[in-house]
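These are my notebook entries on one chain. I set down what I looked up, entry by entry, with the cut-offs that I applied.

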Amino acid sequence: ISMPNNLNPIREALLCLLRFQIAVRLKRLLVDVASDPPQTFWNYVIGSQTDHAVIEWCKVLGGQDQHTHWHRLVKESDRAEVLAAILGATKLPRPDWEVYWSSMTGYRNKRAAHADTDAPFFVTHYPEFDPALAASTVVFDKLYDLLPEDQLGGLNSSLDKWAGTFVGNMRPIVISAFNGSKVLGTNVPKP
């Protein structure tokens with residue numbers, strides 16, 4: 001198999017946004033289905049999906065040093081329009097967006113991708129994903145339109161439908177797996 005030396009950064013950004021949306025939706029599915037009784041396995045998987053979601057989001061909407069960051073992929077003349085669309089979709093004024101952005105990149109830097117030994121042992125703040133979901137859809141739509149048609153290679157034009165179908169297909173598996181472990185009861189240590 002012949003593989004290209006370099007990934008197309010636009011295509012990779014689209015896949016990062018898909019992985020982000022899948023991780024958030026899977027986390028929400030797990031919280032909905034696999035929370036009672038609490039079990040360490042399911043808690044671990046839920047936490048892993050949280051970390052994975054933040055990392056994938058930050059590849060496209062975090063630091064601009066990433067080759068897949070939307071700011072590097074969109075023409076300079078279009079950046080203000082894309083940012084305005086992100087702010088509109090998230091319903092956040094720019095200062096609030098910057099605070100939100102800092103919370104996402106901070107979580108990545110202190111918990112998900114790096115170990116900040118000065119951070120509290122227990123996580124006291126988990127990311128709220130609704131603004132990130134809205135922003136990711138805006139950026140996905142913009143980047144999808146930039147990718148040449150011959151490079152789409154099966155990428156779906158609807159991030160919402162693509163991620164929703166993917167996680168929807170997981171639902172019966174998660175339910176069956178949790179029903180199998182539910183009979184064991186909780187194994188979460190009491191504080």
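**Entry 1: Phe178.** I began with Phe178, which I placed in helix H7; helices here are DSSP runs (H or I, at least four residues; strands are E, at least two), numbered from the N terminus. I recorded Phe178 as buried, since its relative accessible area is 2%. For these classes I took buried as under 20% relative accessible area, exposed as over 50% and partly exposed as in between, with a 1.4 Å probe and protein chains only. I then listed the contacts of Phe178, leaving aside its neighbours within four places in sequence: Val33, Ala34, Ser35, Asp36, Pro37, Gln39 and Trp42. Contact means heavy atoms within 4.5 Å. Val33 lies 145 residues from Phe178 along the chain, and I noted a separation of 7.5 Å between their C-alpha atoms.

**Entry 2: basis of the values.** I note that this is a predicted model, in which local features need pLDDT of at least 70 and side-chain atom pairs count only at pLDDT 80 or more, while totals for chains, interfaces and linings use all residues. Residues are numbered from 1 along each chain as its sequence is written, and side-chain values use heavy atoms, with hydrogens and water left out.

**Entry 3: the chain as a whole.** I found 7 helices and 0 strands, and along the sequence I read the pattern α-α-α-α-α-α-α. The chain has 191 residues, of which buried residues make up 39%. Among contacts with a separation of 6 or more, I noted that 72% join residues 24 or more positions apart.

**Entry 4: H1 with H7.** I next looked at helix pairs. Two packed helices are described by the angle between their axes and the distance between the axes. Axes are lines fitted to C-alpha atoms, for helices over the stretch in contact, and angles run from 0 to 180 degrees between N-to-C directions. For H1 and H7 I recorded an angle of about 35° and axes 9 Å apart. The crossing of H1 and H7 is right-handed; a crossing has this hand if the near helix is turned clockwise from the far one by less than a right angle, and is left-handed if anticlockwise. By class, I noted 17 nonpolar, 2 polar and 4 charged residues in this contact of H1 with H7. Ala, Val, Leu, Ile, Met, Phe, Trp, Tyr, Cys and Pro count as nonpolar, Asp, Glu, Lys and Arg as charged, and the others, Gly among them, as polar.

**Entry 5: H1 with H2.** I found that the axes of H1 and H2 come within 8 Å and cross at roughly 155°. H1 is therefore roughly antiparallel to H2; angles over 145 degrees count as such, under 35 as roughly parallel, 65 to 115 as roughly perpendicular and the rest as oblique. H1 and H2 cross in a left-handed sense. The contact of H1 with H2 holds 16 nonpolar, 3 polar and 4 charged residues.

Within H2 I looked up Gln49. Gln49 counts as buried, because its relative accessibility is 16%. Not counting residues up to four places away in sequence, Gln49 touches Ala23, Leu26, Lys27 and Leu30.

**Entry 6: H2 with H6.** The axes of H2 (residues 40-61) and H6 (residues 130-146) come within 11 Å and cross at roughly 45°. On the H2 side I listed Trp57, Val60 and Leu61, which meet Ala132, Ala135, Ser136, Val139 and Leu143 in H6. By class, the contact of H2 with H6 has 7 nonpolar, 1 polar and no charged residues.

**Entry 7: the core.** Which residues touch the most other members of the largest nonpolar core? In this core of 54 residues, I found Trp57, Val60, Leu61, Trp70, Ile86, Trp97 and Leu143. A nonpolar core is a set of buried Ala, Val, Leu, Ile, Met, Phe, Trp, Tyr and Cys residues joined through side-chain atoms within 4.5 Å. H1 gives the most to this core, with 14 residues.

**Entry 8: Lys91.** Lys91 is exposed, with a relative accessible area of 71%. Although Lys91 is not a glycine, I noted a positive phi of about 60°.
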